[in-house]
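This briefing covers helix packing, pockets and backbone geometry in the structure shown below. Please read the points alongside the sequence and the coordinates.

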Amino acid sequence: RIFPDRTLEALNLILQAFPNEIRIVLSSTWRVDCTAQEDILYDFRAYGRPPLAQITDFYDVTDPSFHSIRQHEIYRFVQQHSDRISAWIALDDEALTGSSSELQTRSAAFEGHSILCESSVGLTEPQAHQAVALLQEQLARR
């Protein structure tokens with residue numbers, strides 16, 4: 001298995017907060033590897049608890065031919081699909097906000113939309129609750 005149950009439980013908390021509303025878009029480098037995608041989906045099924053265990057495919061992936069800074073890849077996807085996105089959150093182990101030259105041009109667009117996960121730990125329960133709160137805030141503003 002790729003992900004520990006505690007990480008999958010945290011992701012499941014987010015999905016449970018928005019039944020039938022959340023769509024998972026894969027933006028990691030795994031998006032270009034069908035085997036890696038299947039391994040992730042296997043982990044979801046092996047976790048065994050709905051709604052995560054019921055996911056059979058990713059809703060979408062960021063453009064597999066556009067390899068850049070992760071922030072730019074996600075930003076491009078959000079802009080291209082803004083007509084079908086009412087709220088969004090990026091869960092990533094790469095910084096999506098900050099003052100570095102690579103991030104600062106689009107950093108403001110990620111404020112309130114990103115959770116930085118530690119790669120060796122993964123998504124945690126407190127971060128899942130933070131993601132739910134951010135999504136609820138976005139939806140309340142619409």
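In this predicted model, helix α1 meets helix α2 through D5, L8, E9, L11 and N12 on the α1 side and D43, F44 and Y47 on the α2 side. By class, this contact is made up of four nonpolar, one polar and three charged residues.

**Packing of α1 with α2**

- The two helices pack at an angle of about 85°, and their axes lie 10 Å apart.
- Angles of 65 to 115 degrees count as roughly perpendicular, and α1 and α2 are therefore roughly perpendicular to each other.

**Packing of α1 with α5**

- Helix α1, residues 5–17, also packs with helix α5, residues 125–141, at an angle of about 25° and with the axes 8 Å apart.
- Because angles under 35 degrees count as roughly parallel, α1 is described as roughly parallel to α5.
- The α1/α5 crossing is right-handed.
- From α1, the residues in contact are A10, L13, I14 and A17; from α5, they are E125, A128, H129, A131, V132 and L135.
- Sorted by class, the contact of α1 with α5 comprises eight nonpolar, one polar and one charged residues.

**Largest pocket**

- The volume of the largest pocket is about 1,400 Å³.
- Its lining consists of 46 residues, and those nearest the pocket centre are I24, V25, I89, A90 and L91.
- Two or more lining residues come from each of α1, β1 (25–26), α2 (34–47), α3 (70–80), β3 (90–92) and α5.
- Helix α1 contributes the most to this lining, with five residues.
- The lining of the largest pocket contains 29 nonpolar, nine polar and eight charged residues.

**Second largest pocket**

- The second largest pocket has a computed volume of about 250 Å³.
- A set of 14 residues lines the second largest pocket, with L15, N20, I22, R23 and I55 nearest its centre.
- Nine nonpolar, two polar and three charged residues form the lining of the second largest pocket.

**Backbone geometry**

- Most residues other than glycine have a negative phi, and most peptide bonds are trans.
- N20 is not a glycine, yet has a positive phi of about 65°.
- The loop between α1 and β1 contains N20, and N20 is also among the residues nearest the centre of the second largest pocket.
- P50 and P51 are joined by a cis peptide bond, with omega at about 5°.
- P51 belongs to the loop between α2 and β2 (60–61).

Definitions and conventions:
Residues are numbered from 1 along each chain as its sequence is written. This is a predicted model: local features need pLDDT of at least 70, side-chain atom pairs count only at pLDDT 80 or more; totals for chains, interfaces and linings use all residues. Side-chain values use heavy atoms; hydrogens and water are left out. Axes are lines fitted to C-alpha atoms, for helices over the stretch in contact, and angles run from 0 to 180 degrees between N-to-C directions. Helices (H or I, at least four residues) and strands (E, at least two) are DSSP runs, numbered from the N terminus. Angles under 35 degrees count as roughly parallel, over 145 as roughly antiparallel, 65 to 115 as roughly perpendicular and the rest as oblique. A crossing is left-handed if the near helix is turned anticlockwise from the far one by less than a right angle, and right-handed if clockwise. Contact means heavy atoms within 4.5 Å. Ala, Val, Leu, Ile, Met, Phe, Trp, Tyr, Cys and Pro count as nonpolar, Asp, Glu, Lys and Arg as charged, and the others, Gly among them, as polar. On a 1 Å grid over the protein atoms alone, a cavity is a set of points where a 1.4 Å probe fits but cannot get out, and a pocket is an open set with protein on both sides within 12 Å along at least five of seven lines; lining residues have an atom within 4 Å of a point. Grid points are joined across faces, edges and corners, and a volume is the space filled by probe spheres set on the points.
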